[in-house]
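Dear colleague,

Please find below the structure that I am handing over to you. My notes on it follow directly after.

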Amino acid sequence: MPEIPKFHEFMRPLLEVLRDQGGLSRTDAIEAVVKKMGLSEEQVAVSQESNGNSLVRGRIGWASSYLRVAGALTGPQRGYFALGPNATALLALNRPIKRADLTSFEEWKAHQAFKQTKSQPQQGNSADINIEDSTPEDLIEAGVKLIKEQLAADLLEQMKKMDPYAFESLVLDVLAAMGYGGGSRQAMQGVPRGPDGGIDGRINEDKLGLDQIYMQAKRYADNSVSSEKVQAFVGAMTQGGCRKGVFVTTSTFTSDARQFAASIRDPRLVLVDGEKLAELMIQHGVGIQTKEVIKISKIDIDFFGAGE
């Protein structure tokens, strides 16, 4: 049986299919790539050791993820592929696309820079792990880390496309999943549009609503939240008699905004940027589902020592 192409070898065929046929559902796009590359039923039937899913379809999925990060692929709606602004430049190479070809795009650089700003130091790059120096456990850990990074990026992309009202509701769902409001979504309420001073939600910390947390949610695609926006929210909190607040955005906060939030002690204010929000969604299972559970076995020493 011929060798199954590596994931990057699916990049150009995927872009060509979308160029020739227009936007397609994920399933139709994958099947079109399989047909275009002339892969046999035997090749497509090869499954991954860990989960039994098609190795070919999985690699096409990873090709789409990398192209999306580089701005060559977009998802105008759930489960749908379309060409992104950088697709033309990649197709103009007139050769197979490599991962290195993606690194020159500003979207890719911004994504990498975003990853570097994570609060916790990273133990090397999961994409560049040295296979020869790594144990199987190291490789599994690196793979899981890479999958989480991609999942966080995909969550952010989806959130930036949400209706602002839907995003506010999502934030309340996350806070409920974290245990605020006693873990009850009913203990939280959105605030109708009007002269609310930038308050998008109220969270009851106790059953009688004697103590509340105010929430502000800004669904921005690119712009950072300024210190003026944060100060206005604090003013609205003070006017409403609330001493605790959470300001959430899909983007980032300016350094001045962070400095202002850190400088105040009363009221107390927590800033949650897009990266942190995606991390909380993954941690508390909001907007995601478990795709598979990999079972790893080891020898039972007690069993083999039972006869001694």
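A salt bridge is taken here as a side-chain nitrogen of Lys or Arg within 4 Å of a carboxyl oxygen of Asp or Glu. The structure is a predicted model, in which local features need pLDDT of at least 70 and side-chain atom pairs count only at pLDDT 80 or more, while totals for chains, interfaces and linings use all residues. Residues are numbered from 1 along each chain as its sequence is written, and side-chain values use heavy atoms, with hydrogens and water left out.

Salt bridges

The model holds 13 salt bridges. In one of them, Asp211 meets Lys244 at 3.9 Å, N to O. Asp211 lies in the loop between β5 (201-204) and β6 (212-218) and Lys244 in strand β7 (residues 244-249), so this pair ties together parts that are 33 residues apart in sequence. Helices (H or I, at least four residues) and strands (E, at least two) are DSSP runs, numbered from the N terminus. Asp211 is partly exposed, with a relative accessible area of 33%, and Lys244 is likewise partly exposed, at 27%. For these classes, buried means under 20% relative accessible area, exposed over 50%, and partly exposed in between (1.4 Å probe, protein chains only).

Arg243 and Asp266 form another salt bridge, at 3.1 Å from N to O. This pair links distant parts of the chain, 23 residues apart: Arg243 is in the loop between α9 (227-239) and β7, and Asp266 is in the loop between α10 (255-263) and β8 (268-272). Arg243 counts as partly exposed at 35% relative accessibility, whereas Asp266 counts as exposed at 54%.

Helix α7 (residues 136-160) has 25 residues and spans 36 Å from its first C-alpha to its last, close to the 36 Å expected at 1.5 Å a residue. The expected span is 1.5 Å times one less than the number of residues. Among the buried residues of α7 are Lys145, Glu149, Leu155, Leu156 and Glu157. Glu157 forms a salt bridge with Lys161, with the closest N and O atoms 3.4 Å apart. Glu157 counts as buried because its relative accessibility is 19%, while Lys161, at 42%, counts as partly exposed.

Helix α8 (residues 164-177) has 14 residues and reaches 20 Å between its first and last C-alpha, close to the 20 Å expected. At its start, a side-chain oxygen of Asp163 comes to within 2.8 Å of the backbone nitrogen of Tyr165. The buried residues of α8 include Phe167, Glu168, Leu170 and Val171. Just after α8, Gly179 takes a positive phi of about 105 degrees.

Nonpolar core

In soluble globular proteins, nonpolar side chains tend to be buried together. A nonpolar core is defined as a set of buried Ala, Val, Leu, Ile, Met, Phe, Trp, Tyr and Cys residues joined through side-chain atoms within 4.5 Å. The largest such core has 32 residues, of which Leu14, Leu15, Leu67, Leu90 and Leu102 touch the most other members. At least two residues of this core come from each of α1 (11-21), α2 (26-36), α4 (55-69) and α5 (87-91). The largest share, six residues, is supplied by α4.

Yours sincerely

Terms used
Polar contact = N/O pair within 3.5 Å; in protein donor to acceptor, adjacent residues only side chain to side chain.
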